[in-house]
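Hi,

Here is the structure I promised to pass on.

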Amino acid sequence: MTSFTTFYLSGIIGKEVFGADGDAIGIIRDILINASPSGDDNDHGRQLLTGVKLKIKKETRTYSFHTFRITKAREALNVTSSTLVELKKEEAENGMFLVESILDKQIVDLNGRKLVRVNDVRLVTIETGTFAIAVDIGIEGLLRRIGLSTPIKRVLSLFKINIPAEFIIWDDVQAIDYSNFNIRLSKSYAKLQTLHPSDIADILEDLGKKSSTSVFSALDEEKAADVLEELEPHAQVHIIESLSVEKAADVLEKMPADEVADILDELEDEKAELLLKEMDTESSQEVRELLEYPDNLVGSLMSTDYLSFSPGITVEEVIGELRFRKPEPPELYNMFVTEKNDELIGTFNLRDLVVADPKSFVGDIMKKEPVFLYDDQKLQDIAEVVSKYNLLAAPVVDRNEKLLGMVVVDDVVEDLITERKTRKRNKIY
Amino acid sequence: MLKKRITFFKRAAIFLAILGPGIITGSVDNDAGGITTYSVAGALYGYGLIWTLIPSFIVLLVIQEMNARMGIVTGKGLSDLIRENAGMKITTLIFLGLLVSNIGNTTTEFAGVAGSMEMFRISRYISVPLVAVMVWLLVVKGTYKVAERIFLLFSASLLTYIVSALMGKPDWSAIGSAIVRPQVQMNTQSLTMVIALIGTTIAPWMQFYMQSSVVEKGLKMKNFKYTVIDITVGCIATVVVAFFIMVACGSTLHPNGIVIEEAKDAAMALEPLAGKFASQLFAFGLFIASVFSATILPLATAFYISEAFGFEAGIDKKWDEAKEFYVLYTGILILSALIILIPGAPLIKISIWTQTLNGILLPVVLVSMILLINNRKIMGAYVNNITQNIIGWTAVVVLVCLSLALLLLPLVSN
């Protein structure tokens, strides 16, 4: 007896199942696997088969896989079943149907960090059960589906050409199109959370509307905020509009005010107002101020998340404060020194802090007469200032020299790229 | 008063932002194949077949509205939806058919380029390779979106057909009565002509193009009425141009019994009857329309096929990332250009076979579309209403009957 049998999903769908007495029972329509990873180390990288959707005469029902046996004799698959035990509704709902949710659908290839279309699923039967082990995304899978794999391979083998097979192992597969949305979503998309926010954003942009919303809603708030920041404007609008106002406001609060202002700018006024009212007052106030600036001025690109200190505190105290506040990386690009009325008098960066004597005062180590931008200066001036003085972030002040925020080089670059993109917008064609 | 004006400007701004997919699709629709078919129909039957434009317009409008609605609601292209819901075998069938018919269509576009440039005494061995290389570079290395807008502007030159038509001094009362009292002759030739007219106005690849453009624009159901206006404008543009081409040829060539086979013949034949200017205008319009469609067709085809079979696609990808897509795109372009350059290539046969294939594919695509758009799992509340279904299914039945009649008539008459 062979210890294992491998087969393809396309090979088993539509097959007739035979009973113990050799009579045909019904036709296989779909098979069910565990939706969430079992956690068992032995099952690493594969997904246990739990049920079979059978069409018996006119009726289609899902039965437990326990009573089924799959064998292979001379390349032909045989499926037999001693008795039929119908699966309980909740058991079926906790699983995922392969034809319904995987075959021909788009999935995320976590290793390649992109969306791919599934041509077939590879399964294996071993002593402990039958498992889904990989999805086939190659040309060979395509040909197999239309029944041309063997003849074409035979012809090509005469010329010593191989059709390369392309598989993604189950560990790297993240299904997207769950048709029964009542399974706990956050768990279903758990694998996706491991990707970088930019990669998740790229994937969301390529997904259909329903799927992108449901994937986004499953992300935790911090991740969701990071992903939203990376999305293209029209995708941002779609996501925000499809979320409930409360949920959308929660996510927006986690984002830097300048990014929020950019998104709200794209929304309709009433919707933006609704979201601002729902957000906590501190965040919404900052956003409101930024929204006042026209698109072509420095103020519109400025971030209001920055760090400023008075000249009289010591380097040691500053570092202590940083440890306590755990600021986002851009806030550390450049830090500011202000007088009581928020007037900017100097700047320093992380290097200045590290090399200074812990007991020295900020006022002594800071660069005096700092380079700055006015909030009502034109956007084009930023690139000039940033490159001339090699700054990662430049302070922004109003005409009274009062510090308002800073412009970060990342945002400048992003702005330049989107400007080029609108000139060369060719995502699809 | 002031408030009213602001909302008017706001509406106008929304409309301008949404504008595009319908009008572009409508313009691409009047390609070399279309111009040829309208010219031939006009020369052969005079005003007799102008009435076909009315049912074509209605069906075109209904179909494109469905495409736009599906694109907006699902955010997915038509090929995605077909692959996900119709299974592998039907998908393969549709897209193989689409590939072959679009190679044929692109060949017709290059025939248009060759023909129109020969009017200006430029050899096809210069014009066709030049245009092919230009188109390839424009798409792969250039700024396609800008090019698309320039083309759209140029496609206004199709309105030159109105001038050409008026210079032929058409008989308006005869046109009127031909539309009001349509006459159908039951023979293979006129039936072929009717199918070709409908097939060229409602080409299967347009449905894929329309839906993808809507998805790419990220339009919303909230502003759907503006999208419908966009589509209507596009459909009217298509039909108006078709009407004037048929009138131009019907009022000059038909009374003189001049039979033509290519659009270029129409341009040349117009010269003694309507003047050199009218003839050159006709040729210029043909050239622009051909280049426009020769740019969009191969690109669109490569894109839908890649989408359906899960290949990476898009011209923002590098060659290595989207090899299948680039091979398809370049292959279609080169193959179509080469066919034109073969001395004595059976261009008329190719164009007839292409249109027949279009005619067979169209009902298949339409049936898939109607099934998809009535699927509540996909469309939710935005499924078709009864009127839309009646028009859709009637179109399918009529098209199938016409195609069947075309196949069976030769057998019966013998």
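**Salt bridges: what turned up**

A:Arg144 and A:Glu140 are both buried (under 20% relative accessible area with a 1.4 Å probe on protein chains only; over 50% is exposed, and in between is partly exposed). Their side chains form a salt bridge, 3.7 Å from N to O (the rule: a Lys or Arg side-chain nitrogen within 4 Å of an Asp or Glu carboxyl oxygen). Both sit in helix H4 (residues 139-145) of chain A, 4 residues apart, or about one turn of the helix (helices are DSSP runs of H or I with at least four residues, strands are E runs of at least two, numbered from the N terminus).

Some ground rules: this is a predicted model, with local features needing pLDDT of at least 70 and side-chain atom pairs pLDDT 80 or more, while totals for chains, interfaces and linings use all residues. Residues count from 1 along each chain as its sequence is written, chains are lettered from A and ligands numbered from 1 in written order, and side-chain values use heavy atoms, leaving out hydrogens and water.

Over all chains, the count is 25 salt bridges. Another one pairs A:Asp376 with A:Arg399, with the closest N and O atoms 3.1 Å apart. A:Asp376 is in the loop between strand E19 (373-374) and helix H19 (380-388), and A:Arg399 is in the loop between strand E20 (393-397) and strand E21 (403-408), so the pair ties together parts of chain A that are 23 residues apart in sequence. A:Asp376 is partly exposed, at 36% relative accessible area.

Cheers
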